[in-house]
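Please look over the sequence and the structure before reading on.

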Amino acid sequence: MGPSAVIDLSALRHNLQRATELAPESRLYAVIKANAYGHGLLRVARALEAADALAVARVEEAVELRKAGIDQPILVLEGFFTSDELKAASHFQLEVAIQQPEQLELLSTHTVSEPITCWLKVDTGMHRLGFQPDAVDSAWAFLNSHPSVSKGVRVMTHLSSGDDLSDPATQAQLSSFQRSSDRFNTGTSIANSAGIIGWPGSRTDWVRPGIMLYGASPMSGRTGLDEGLRPVMTLKSRIIAINTFSKGSPIGYSGSWVCPETMRVAVVAAGYGDGYPRHAPSDTPVLLNQKRVPLIGRVSMDMLNLDLRSQPDAQVGDEVILWGEGLPAEEIAGRAGTIAYELFCGVTQRVVFEEIGA
Ligand SMILES: *Cc1c(COP(=O)(O)O)cnc(C)c1O
């Protein structure tokens, strides 16, 4: 008896539609890196057949999609790092981000069978991947004259701070990108989910939503519901034991929580071994019979405890929702000092996945 992750494919399609409504003039790469943010790479790719294109971080993720018969355009956001990856990009007709001189070097020293669609990545302030604005012109010239590169090189950048509408960094990035891209007169891409939701100026030819497709908001202090999104993953489990303890009884590891009165305590079959965050403190809500019930004490590897004082009718076997439908993952993430992205990616192998809404 352990937790299951229910993946609602109709919610996924709804969220794709929502991204399209917010950026109606743009085409869209559905970002499905990291096993589709923990939701299952192929399951999500197949459900997003209506997306113009897909994006992943690494060549091997894209190759897995191609081998499974996915034939939409696929953009590899980090590009290739070895001659084998370069060959695979050509062979499987992947689009690649070109973000460092080493990639130009690989293009110079290896020939490929079919030319590759390239996105020149400009670092406008994220300071992670990309050419600095003063190095973009020479990379642009190189790519546009290279026989291994398809005609029509495009340009892209990535926002560092789009989740905060009051942060001036985003406007500075948009202005910097415009100075670079204006010279090239080609297709551009800037917006992640935060750009799509909060920054109209970032909705250019192509947008790249990730987290919003899974129903969570990237904007700080907001949830997917606020953006008209529906949660795709619901992580649920069951109560496997109920015990009554007297006032003063410590609960769980280190006895960090002590019963203030005689009370019933439930044990739920979900812990950090399933991907429930160990740093979720006492008082983090869990949904039991549609009501929020506080978690108490330390989260263990396989189990966590609930304070049942508000739920006199709760029984062994009752279902609980840890996040998802009725309980935003953003809220649990906030309590645990992380973000919904990390909760989704952290759901472990032993959790059983189920699909609904196909
Ligand atoms: C992950 C990623 C995205 C999607 O970001 P979200 O915040 O999940 O929407 C878009 N572009 C790049 C380059 C990324 O790495």
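**Salt bridges and a helix contact**

Asp 302 and Arg 350 form a salt bridge, with their closest N and O atoms 2.8 Å apart. The model is a predicted one. A search of the whole structure finds 13 salt bridges.

**Asp 302 and Arg 350**
- This pair links distant parts of the chain, 48 residues apart: Asp 302 lies in the loop between β15 (291–296) and β16, and Arg 350 in the loop between α11 (340–345) and β18 (352–356).
- Asp 302 has a relative accessible area of 32%, so it is partly exposed.
- Arg 350, at 44%, is partly exposed.

**Arg 309 and Glu 261**
- Arg 309 forms a salt bridge with Glu 261, and the closest N and O atoms are 2.7 Å apart.
- Arg 309 sits in the loop between β16 (304–307) and β17 (319–323), and Glu 261 in the loop between β12 (257–258) and β13 (263–268).

**Arg 230 and Asp 8**
- The salt bridge between Arg 230 and Asp 8 has its closest N and O atoms 3.3 Å apart.
- The two residues are 222 residues apart, with Asp 8 in strand β1 (residues 4–8).
- Arg 230 counts as partly exposed at 33% relative accessibility, whereas Asp 8 counts as buried at 9%.

**Helices α6 and α7**
- The axes of α6 (residues 101–109) and α7 (residues 136–144) come within 11 Å and cross at roughly 25°, which means that α6 is roughly parallel to α7.
- The crossing is left-handed.
- Leu 104, Leu 107 and Ser 108 of α6 meet Ala 139, Phe 142 and Leu 143 of α7.
- The residues of this contact comprise 5 nonpolar, 1 polar and no charged.

Technical notes:
Residues numbered from 1 in each chain as written. Predicted model: local features only at pLDDT ≥ 70, side-chain atom pairs only at ≥ 80, totals over all residues. Heavy atoms only, no water. Axes fitted to C-alpha atoms, helices over the stretch in contact; angles between N-to-C directions. Helix = DSSP H or I, 4+ residues; strand = E, 2+ residues; numbered from the N terminus. Parallel < 35°, antiparallel > 145°, perpendicular 65-115°, else oblique. Left-handed = near helix turned anticlockwise from the far one by under 90°. Contact = heavy atoms within 4.5 Å. Nonpolar A, V, L, I, M, F, W, Y, C, P; charged D, E, K, R; others polar. Salt bridge = Lys/Arg side-chain N within 4 Å of Asp/Glu carboxyl O. Buried < 20%, exposed > 50% of the residue type's maximum accessible area, 1.4 Å probe, protein only.
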